[in-house]
Amino acid sequence: MLTETDALITIDDLVRWGASRFAAAGLHYGHGTDNPRDEAHWLAAHALHLPFELAAAYGGCHVTASERDAVLALLRRRMEERRPAAYLAGVTRFAGLDFDVDDAVMIPRSPLAELIEQGFAPWTEPDAVRRVLDLCTGSGCLGIAVAAHLPQAIVDLADISPAALAVARRNIARHRLQAQVRALESDLFAGIGGDDDDGYDVIVSNPPYVGAAEMEALPPEYGHEPALALAAGETGLDLVLRILRDAPDYLADDGILVVEVGNSAEALAAAVPTVPFTWIDFERGGNGVLTLDRGALAAYHDQFAQAVAAL
């Protein structure tokens with residue numbers, strides 16, 4: 001007896017079927033796509049071993065029975081497990097590059113991609129960036145993207161999680177950047193050396209910044225990501241404030257710090273109300289990213305220290 005899925009004979013049929021079922025299931029998007037059609041398209045392309053772009057070009061082509069089964073299996077897992085598509089595929093794209101991901105790391109989706117593609121301009125001169133630290137690196141996506149877009153820069157990736165660093169090292173190898181990028185196990189700055197160099201020109205970080213109430217309200221898809229990469233205390237500031245307090249010791253004299261704090265931006269402004277943060281605007285969307293130079297960080301060190309003590 002034929003089933004309803006036996007009538008799905010082209011890639012477009014499968015994508016349409018998946019998008020319809022995803023919408024009916026009320027899935028959450030935001031881990032690489034923002035709508036049910038693109039989510040189904042991404043999974044279909046992966047199951048068929050096609051680049052995302054080619055899957056659209058071949059949309060009218062017929063699939064074999066085994067290909068249909070492979071696509072349907074992924075689409076059904078997405079609905080039944082509420083697991084983000086990037087984890088099902090084991091790969092995602094960020095700043096124009098593909099990255100390995102698994103459930104040891106948060107799925108790359110930061111608006112910082114746009115800033116990295118611009119070489120951190122206008123906040124610093126791209127050609128002058130020689131040393132970069134990606135703090136709380138996870139998959140390594142920020143630092144590896146920096147290395148790809150600024151080939152003159154030497155980049156350190158730092159994370160407290162050995163499992164995350166294993167993924168980051170796979171991504172370093174994937175992009176053949178072993179001569180330019182290294183991965184370091186470190187609890188924020190604790191494992192970062194600073195005595196024998198002039199500091200980093202840029203420290204960039206997408207640290208855990210989700211407060212307790214927001215953690216409770218997250219859709220089920222976020223439950224597949226490591227809590228270590230998301231949760232940051234009651235207000236979401238447990239790590240952010242420590243980074244702001246300690247960063248001057250690791251920055252070059254004219255270095256800058258760039259940190260994503262997401263929805264915790266309001267709590268941060270309340271915790272240190274007189275600090276003149278610069279909040280970066282993005283053409284492709286996204287908010288909650290701040291920058292300060294070393295001088296400003298040092299000038300407001302005492303306020304950051306007091307805020308850390310008050311946590």
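Which cysteine sulfur is closest to the sulfur of cysteine 136, and how far away is that sulfur? In this predicted model, the closest one belongs to cysteine 141, and it sits 12 Å away, which is too far for a bond. A disulfide would need the two sulfur atoms within 2.5 Å, and by that rule the count comes to zero disulfides. Cysteine 61, with 38% relative accessibility, is classed as partly exposed.

Now for the helices, starting with H1 and H2. Helix H1 covers residues 11-25 and packs on H2 at an angle of about 130 degrees, the axes lying 8 Å apart. That angle makes the pair oblique, and their crossing is right-handed. On the H1 side, the contact uses Val15, Gly18, Ala19, Phe22 and Ala23, while H2 brings in Pro36, Arg37, Glu39, Ala40, His41, Leu43 and Ala44. Sorted by class, that's eight nonpolar, two polar and two charged residues.

H2 (residues 36-47) also packs against H4 (residues 65-81), here at about 140 degrees and again with axes 8 Å apart. H2 and H4 are therefore oblique to each other too, and this crossing is right-handed as well. Here Glu39, Ala40, Leu43, Ala44, His46 and Ala47 of H2 touch Ala70, Val71, Leu74, Leu75 and Arg78 of H4.

Technical notes. Residues numbered from 1 in each chain as written. Predicted model: local features only at pLDDT ≥ 70, side-chain atom pairs only at ≥ 80, totals over all residues. Heavy atoms only, no water. Axes fitted to C-alpha atoms, helices over the stretch in contact; angles between N-to-C directions. Helix = DSSP H or I, 4+ residues; strand = E, 2+ residues; numbered from the N terminus. Parallel < 35°, antiparallel > 145°, perpendicular 65-115°, else oblique. Left-handed = near helix turned anticlockwise from the far one by under 90°. Contact = heavy atoms within 4.5 Å. Buried < 20%, exposed > 50% of the residue type's maximum accessible area, 1.4 Å probe, protein only. Nonpolar A, V, L, I, M, F, W, Y, C, P; charged D, E, K, R; others polar.
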